[in-house]
Each structure stands twice: as structure tokens, then as C-alpha cells.
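Please look over the model below. My notes follow, point by point.

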Amino acid sequence: VIGFPKDKYDVLAEPGKSYAAGTKIFDRVPTAQKLNDAKIAIQAAERAHLNTVDLDMLIDVHAIKSGDAHTAENDIAQVVEGVKAYIQNGSFQHIKSAKVKVIVESPMLSDKELRLATKIVRRSKAMAIKTSTGFCPRKTTAHQVRIITALIGHTKLIKVSGGVSENNFMRLKKAGGDIFGMSRTRDLKKALNHRHRAVTHRTAA
């Protein structure tokens, strides 16, 4: 993850909690560091002979918490444009493009903050919006995905991650998720197969 903080998330970073500018939620990662992280990832993809690379960058949560849309928007723009320029001006034999997803860390945001973050991502040149890194103390909810879907529409892909399981997958999908990130894919596959067999049995009966 581009811009992932080195320190642990503050469990007190709760949705709706007011944060003054400069309040420590976790270490703020400068845009320059995010660009450096992106370059390292691109170089690794080039060594692996990949033609494209997926880059997930964390939105400036501090800026969102303080209502500073300009800083958050500028941070995304600099990373997206910087990645594009680095690939175009570099002497890469394999890498031709990069797809940037912006992580808004929705479990840490109030509804108002999530709407602000979503609008910023919608206006950006990023390929997709992603709900969470998966390291937040709380899980992504269907309510949060519905907020994102209502504002993003079909302008960006929506990747849902952070607590996705066989128990909530269908709710998150119905809420508008396009792509899902989860570690327990085997359990999900079993649950979906069971659901399919149950539906098929009822239809046959």
C-alpha cells in the first residue's frame, strides 16, 4: 500500500470524532514518500516482466478528518500524475501503465467525511476507490459501500475490503461493490456453492 503508516492505527480514530488539524491518528505520509513507494513498486513490477501494475494509495486521512479537500485532492493528483510521468519517461522494457486505486479507509470516517473522500476520488484520475486497507480496527459496512456507490456511480470501480467474509459478502455486493479483497476466499467459495445448491434445490422442487 502506497502511503501506509509505519505506526499502528489509533483505535480511537472513530467515525464522527472531531479531529483538529495536526491531531495524531497515525503518522502522516508525505506525498513525496508516496511517490517514492510507487516508484519502488513499479521497478519491482518491471523486474517481474509485468506490463501493468496495480497501485493502492492511502488517501490523506488527516486532511479528510479536518475537512481539507484541497490537500487530499492535490495528494492524489500528484501521485497519479507522478506515476504516469515516471512510466512514460522511464526506460522500462515491460511496464506500460499503472492502475491507481485510492483507499479512503471508510471505517475511520463519519458519513460526512466519507462523502467528502468519495467526491474527491470521483474527481481524480484514479481507476478505482477502495474502502479499506484491512488493517483498520473496524470493518467496512454495507452502509459505507452504499454511500460510496451513490456518489461514485459508474465513474470508478469500487473495491471492498476490510472484514469481507462469507457472512457479509452478498450484502456488500448488493450495496455496490465491484471487486472484493479478502483472505478467506475458500470459506466464501464454500458458502456461495452452498447457497447455489440451496437455490437450485428450491427451484427444482
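1. pLDDT is the predictor's confidence in each residue, from 0 to 100. The mean pLDDT of the chain is 86, and 79% of its residues reach 70 or more. This is a predicted model, in which local features need pLDDT of at least 70, side-chain atom pairs count only at pLDDT 80 or more, and totals for chains, interfaces and linings use all residues. Residues are numbered from 1 along each chain as its sequence is written, and side-chain values use heavy atoms, without hydrogens or water.

2. The chain has 7 helices and 5 strands. Both are DSSP runs numbered from the N terminus (helices H or I, at least four residues; strands E, at least two). Their order from the N terminus is α-β-α-α-β-α-β-α-β-α-β-α.

3. Strand S3 (residues 128–130) has the highest mean pLDDT, 98. Helix H7 (residues 185–204) has the lowest, 53. Where pLDDT is low, the predicted coordinates should not be read in detail.

4. Of the 205 residues, 42% are buried (under 20% relative accessible area, 1.4 Å probe, protein chains only). Take contacts (heavy atoms within 4.5 Å) between residues at least 6 apart in sequence: 71% join residues at least 24 apart.

5. Check the pairing of helix H1 (residues 31–47) with helix H3 (residues 69–89). Their axes, lines fitted to C-alpha atoms over the stretch in contact, come within 10 Å and cross at roughly 35 degrees, with angles running from 0 to 180 degrees between N-to-C directions. H1 contributes Thr31, Lys34, Leu35, Ala38, Lys39, Ile42 and Gln43 to the contact. H3 contributes Asp75, Gln78, Val79, Gly82, Val83, Tyr86 and Ile87.

Note on methods: Buried < 20%, exposed > 50% of the residue type's maximum accessible area, 1.4 Å probe, protein only.
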